[in-house]
Amino acid sequence: LPLLLEATLVQLASGSYHPFYNGFYYNHLMNDKGNGQEKVDHFNGARLMVETPKDPVYSSNGANVTLPCHYHFEPDTEAKRKIRIKWSKLRDDYTKDQDVLVAIGKTYIAFGDFLGRAHLHQASRREASLLLSDVRLQDGGKYRCEVIDGLEDESDVVDLQLRGIVFPYQPPRGQYRLNFHEAEQVCQEQGAILATFNQLFQAWSEGLDWCNAGWLADGTVQYPIRLPRKPCGGLHLAPGIRSYGPRHRHLHRFDAFCFSSGLRGEVFYLEHPAGMTLEEAKQSCQDAGAEIARVGQLYSAWKFLGLDRCDAGWLADGSVRYPITKPRANCGPVEPGVRSFGFPSKGRFGVFCYKER
């Protein structure tokens with residue numbers, strides 16, 4: 001741990017000069033004796049190389065995943081070297097990277113949301129891989145693996161993509177009522193997060209067609225169109241993602257595109273001969289040792305578990321929906337999907353419940 005603190009928290013002396021900063025401080029190069037004398041590190045002629053996968057690494061909510069990273073020297077050298085490793089997560093808005101883990105040898109420490117979940121994986125020589133346990137929706141994105149050998153610093157990037165589903169969301173009070181921060185909140189309330197552009201593009205490539213504009217995680221407002229039509233940008237525009245660009249996060253109001261991944265439990269349907277009110281539905285789920293399902297959980301169960309039920313049921317936000325994987329008569333349109341009855345103020349229906357495994 002003292003070595004780790006030396007690497008990450010070196011006290012800056014007044015007026016001292018630091019020629020390089022990448023999360024670690026170097027003052028030319030300090031020796032280990034603490035006597036104030038400097039040690040010159042001559043370039044040894046071996047070039048440091050860092051390698052990560054060029055293809056994305058895929059995972060899902062609640063799973064464990066390893067982000068591979070290896071380093072070597074050209075030409076190879078057997079000399080024992082004091083290597084430092086740093087993992088960080090790149091932000092979509094290109095602001096300062098989020099610290100994930102730093103390490104010297106076998107000693108490492110994780111930071112913030114990654115505390116207790118990020119571990120250094122070194123199963124082979126010169127491996128610097130990152131093991132993430134209990135993957136969360138927010139973990140998707142690009143990660144930088146940085147290896148520091150004295151004054152040499154090389155890095156490469158791993159793209160972690162979560163398998164999931166994008167769904168449009170409107171609140172009970174109607175269309176275009178959410179500013180950016182409210183859109184973030186409603187997605188979280190539905191067991192999801194705001195989708196990224198790449199996630200929306202993937203959903204569009206898989207068939208998502210939606211003519212209402214919604215917020216994305218980067219603060220832009222966009223919507224996916226497969227079948228061009230007049231109210232959706234015009235008849236003569238090609239299919240694609242229509243964009244309003246960045247909008248004011250407090251003043252402008254739209255819908256939201258939410259992203260949900262795999263489930264750690266199951267969604268099941270409860271019915272009553274006379275139907276149930278929303279409050280009765282919540283109680284029925286509790287009596288079954290579960291909770292009323294959220295919209296994101298229903299979409300995930302439909303997408304990944306093949307949930308198919310041609311009976312409308314309450315969800316936690318007060319909406320009534322049902323999932324169809326095999327379209328048939330009297331069960332809505334000819335395409336698979338999650339059907340919605342909106343937010344009925346009256347009526348009696350079944351309920352979709354969610355239970356952790």
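Close-up 1. The model is predicted, so local features need pLDDT of at least 70 and side-chain atom pairs count only at pLDDT 80 or more, while totals for chains, interfaces and linings use all residues. Residues are numbered from 1 along each chain as its sequence is written, and side-chain values use heavy atoms, with hydrogens and water left out. The side chain of R264 meets that of D134 in a salt bridge, at 2.9 Å from N to O; the term denotes a side-chain nitrogen of Lys or Arg within 4 Å of a carboxyl oxygen of Asp or Glu. Because D134 lies in the loop between β11 (129-132) and β12 (141-149), and R264 in the loop between β19 (255-261) and β20 (265-270), the pair ties together parts that are 130 residues apart in sequence. D134 is also partly exposed, at a relative accessible area of 27%.

Close-up 2. In the salt bridge between R309 and E271, the closest N and O atoms are 3.6 Å apart. R309 lies in the loop between α5 (295-305) and β22 (313-314), and E271 in the loop between β20 and α4 (278-287), so this pair ties together parts that are 38 residues apart in sequence. Helices (H or I, at least four residues) and strands (E, at least two) are DSSP runs, numbered from the N terminus. R309 is partly exposed at 25% relative accessibility, whereas E271 is exposed, with a relative accessible area of 58%. R309 also meets the side chain of D311 in a salt bridge of 2.8 Å, N to O, and D311, at 30% relative accessibility, counts as partly exposed.

Close-up 3. The structure holds 15 salt bridges.

**Close-up 4. The open sheet of six strands.** The strand order is β4-β13-β12-β7-β8-β9, with mixed pairing, where two strands pair if DSSP finds at least two bridges between them. The edge strands, β4 (57-59) and β9 (107-110), each pair on one side only. Within the sheet, β7 (residues 83-89) pairs with β12 in the antiparallel sense over seven bridges, and I83 stands opposite D149 in β12.

Key. Buried means under 20% relative accessible area, exposed over 50%, partly exposed in between (1.4 Å probe, protein chains only).
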